[in-house]
Amino acid sequence: PIVDRDWARRIQGMVAQAEQILPAGDPKLENLKAKQQEMIRLDEENRTAWAERTFMRSEIYKGKDLPEVRAAAEQIVAKELPGARILRISVYKDDWQEESVLEHTDTTRTAVRHRVTRMINAQVAAKEGEVVRLHTLHIARDKQDDGWGAFYGNIMSSDLMREKNVDRDGP
């Protein structure tokens with residue numbers, strides 16, 4: 001398993017506390033440090049293996065707005081990761097998912113609106129420095145009186161991947 005970065009920081013903090021409490025050279029402290037180093041080594045091995053096995057999904061969306069969706073994906077990545085160079089974009093859902101809801105417009109719950117939102121997912125391989133990551137994006141747009149509004153979205157998750165895997169679809 002891959003160790004969450006927050007857990008790794010917490011473990012580092014616990015080891016630092018133990019260093020303040022236990023004398024240098026204490027067998028318990030040395031054992032704790034050895035276990036931490038082994039955890040870091042295994043985590044690095046797992047992250048390397050994960051990156052080797054990370055591929056993009058095939059693009060299957062064929063809608064006439066595909067160029068717009070791809071441009072929206074590019075803009076989302078550029079906004080959230082300035083300086084990242086986009087290597088490939090894939091819209092891997094076959095169609096938009098539509099959501100129609102009645103919702104309150106504020107916390108006082110005094111006004112209600114009917115919102116219709118179209119959503120689709122995409123993957124973007126981007127290079128940041130020497131690191132290549134596969135970003136999975138949520139892309140959406142809301143229905144307005146005069147048609148569909150502007151695209152918006154966010155990066156939902158990111159995984160390390162090898163650059164050699166960017167142009168290869170997953171198994």
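Reader: How many bridges join strand S1 to S3?
Author: In this predicted model, strand S1 (residues 85–90) is joined to S3 by five bridges, and the two run antiparallel.

Reader: Which residue in S3 stands opposite Ile86?
Author: Ile86 stands opposite Ala126 in S3. Ala126 also has a bridge partner in S4, namely Arg133.

Reader: How many bridges join S3 to S4, then?
Author: There are 12 bridges between S3 and strand S4 (residues 131–144), and these strands run antiparallel. S3 and S4 form a hairpin with two residues between them. In the turn, Gly129 has a positive phi of about 70 degrees.

Reader: And S2, in what sense does it pair with S3?
Author: Strand S2 (residues 97–104) pairs with S3 in the antiparallel sense, over eight bridges. Within this pairing, His104 stands opposite Val112 of S3.

Reader: Why is S3 described as largely enclosed?
Author: Of the 17 residues of strand S3 (residues 112–128), 13 are buried, so the rest of the structure largely encloses this strand. Buried here means under 20% relative accessible area.

Reader: A change of topic: where is Pro82 placed?
Author: Pro82 lies in the loop between helix H3 (66–80) and S1.

Reader: Does Pro82 count as buried or exposed?
Author: Pro82 counts as exposed, because its relative accessibility is 68% and the cut-off for exposed is over 50%.

Reader: How many Å apart in space are Pro82 and Glu128?
Author: Their C-alpha atoms are 9.0 Å apart in space, while Pro82 and Glu128 are 46 residues apart in sequence.

Technical notes
Residues are numbered from 1 along each chain as its sequence is written. This is a predicted model: local features need pLDDT of at least 70, side-chain atom pairs count only at pLDDT 80 or more; totals for chains, interfaces and linings use all residues. Side-chain values use heavy atoms; hydrogens and water are left out. Buried means under 20% relative accessible area, exposed over 50%, partly exposed in between (1.4 Å probe, protein chains only). Helices (H or I, at least four residues) and strands (E, at least two) are DSSP runs, numbered from the N terminus. Two strands pair if DSSP finds at least two bridges between them.
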